[in-house]
Amino acid sequence: MVSKAERKEGAGGEAFGGDACVDVAIIGGGPAGLTAAIYLARFRRSVVLIDANQSRVAKIPRSHNYPGFAEGIAGSALLESLRSQLQHYDVRTVAAHAERAQREAGGFTVHWPAGSARARLLLLATGVTDIAPVMPHVLEAVRAGALRHCPVCDAFEVIDQVVGVYANGPAGVGEAVYLRHFSENVVLFMEEGARTLSPAERRRLTEAGIRCPEEAVRSIRHGHTQVTVVHGERETACDTLYCALGLDVHAQLARALGARTDDDGYVIVDAHHATNVEGLYAVGDVAQGLNQIAVAAGGAATAASAMHRHLGAAARG
């Protein structure tokens with residue numbers, strides 16, 4: 001007899017049950033994908049979860065705005081807790097990168113290097129990747145809280161610090177102004193210097209009391225508890241540097257299936273997280289909306305409930 005633990009083996013070296021078709025395939029094992037899998041399992045739906053173990057959450061040293069954790073929680077610990085919870089249910093998890101997915105009669109087929117799975121519905125929770133600055137020891141700087149990517153997540157932690165924003169486009173101006181609410185000492189470092197700013201952007205920064213050096217950024221380094229930005233012949237030490245270089249939205253699978261994306265690359269979804277492709281849903285950072293863990297979990301609950309209804313009632317013995 002095969003145990004539940006054995007059914008959850010990680011390599012996924014064969015097709016899922018031969019010609020069998022599960023109710024839902026989920027691509028992505030971050031908070032959105034894991035939450036959706038838990039909900040669907042509790043709805044008595046058969047689920048296969050394909051997880052490349054590349055969740056953005058794993059890099060978060062500590063989140064203080066995820067509900068229920070007064071002292072905050074490390075992203076890796078949150079993932080482990082969700083994975084542990086999922087182990088209580090009969091969900092097949094495959095440790096692999098989903099290479100492609102195709103629409104076919106009756107649903108979808110998802111392929112990974114050593115296998116495939118057929119499913120009636122497909123949920124994409126493929127997330128995003130922060131575009132990091134060119135600097136040595138990037139991960140160490142992130143873990144130390146000296147380099148950050150999300151002021152919505154953690155601007156509270158930089159109150160009254162010397163805060164830098166590193167950008168290469170207009171989004172940096174908006175992020176610097178947003179952070180000005182939390183600190184009186186905000187500096188915007190444009191990759192090519194302040195000459196790339198429009199007169200209107202310069203006025204906006206001046207009115208907010210935000211400095212922007214004229215020189216282009218030459219290098220960024222992390223030492224001890226600070227990040228130092230070298231611009232021209234000068235350098236500025238920041239307690240925290242926010243990187244506003246944007247995100248790589250992992251929507252390739254969605255677009256290949258015909259799903260619409262917006263100008264920023266996010267998958268367009270409706271109130272139930274359904275895309276324009278019948279049977280295809282998207283949740284978490286890959287979909288339109290606020291990139292927050294709590295939002296990802298809530299969206300996953302919404303999508304799972306809609307998918308359960310989509311599948312309809314099933315006779316049970």
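The model is predicted. Arg-56, Asp-130 and Asp-285 are linked in a network of salt bridges. The second largest pocket has a volume of about 640 Å³.

- The side chain of Asp-130 meets that of Arg-56 in a salt bridge, at 2.7 Å from N to O.
- Asp-130 sits in strand β7 (residues 128-130) and Arg-56 in the loop between β2 (47-51) and α3 (75-86), so this pair ties together parts that are 74 residues apart in sequence.
- Arg-56 also meets the side chain of Asp-285 in a salt bridge, here at 3.0 Å from N to O.
- This second pair links distant parts of the chain, 229 residues apart. Asp-285 is in the loop between β16 (280-282) and α9 (293-311), while Arg-56 is in the loop between β2 and α3.
- Is Asp-285 buried or exposed? Asp-285 has a relative accessible area of 16%, and buried means under 20%, so Asp-285 counts as buried.

**The Glu-215 and Arg-234 pair**

- Glu-215 and Arg-234 meet through their side chains in a salt bridge, at 3.2 Å from N to O.
- Glu-215 has 26% relative accessibility and counts as partly exposed.
- Arg-234 is partly exposed too, with a relative accessible area of 47%.
- Both values fall between the cut-offs of 20% and 50%, which is why Glu-215 and Arg-234 are classed as partly exposed.

**The second largest pocket**

- The lining of this pocket is made up of 24 residues.
- Which residues lie nearest the centre of the pocket? They are His-149, Glu-175, Leu-247, Tyr-266 and Asn-291.
- By class, the lining has 12 nonpolar, 8 polar and 4 charged residues.
- Four elements each supply at least two residues of the lining: the helices α5 (151-154) and α6 (171-180), and the strands β14 (240-244) and β15 (247-249).
- Which element gives the largest share of the lining? That element is α6, with 3 residues.

How values were computed: Residues are numbered from 1 along each chain as its sequence is written. This is a predicted model: local features need pLDDT of at least 70, side-chain atom pairs count only at pLDDT 80 or more; totals for chains, interfaces and linings use all residues. Side-chain values use heavy atoms; hydrogens and water are left out. On a 1 Å grid over the protein atoms alone, a cavity is a set of points where a 1.4 Å probe fits but cannot get out, and a pocket is an open set with protein on both sides within 12 Å along at least five of seven lines; lining residues have an atom within 4 Å of a point. Grid points are joined across faces, edges and corners, and a volume is the space filled by probe spheres set on the points. Ala, Val, Leu, Ile, Met, Phe, Trp, Tyr, Cys and Pro count as nonpolar, Asp, Glu, Lys and Arg as charged, and the others, Gly among them, as polar. A salt bridge is a side-chain nitrogen of Lys or Arg within 4 Å of a carboxyl oxygen of Asp or Glu. Buried means under 20% relative accessible area, exposed over 50%, partly exposed in between (1.4 Å probe, protein chains only).
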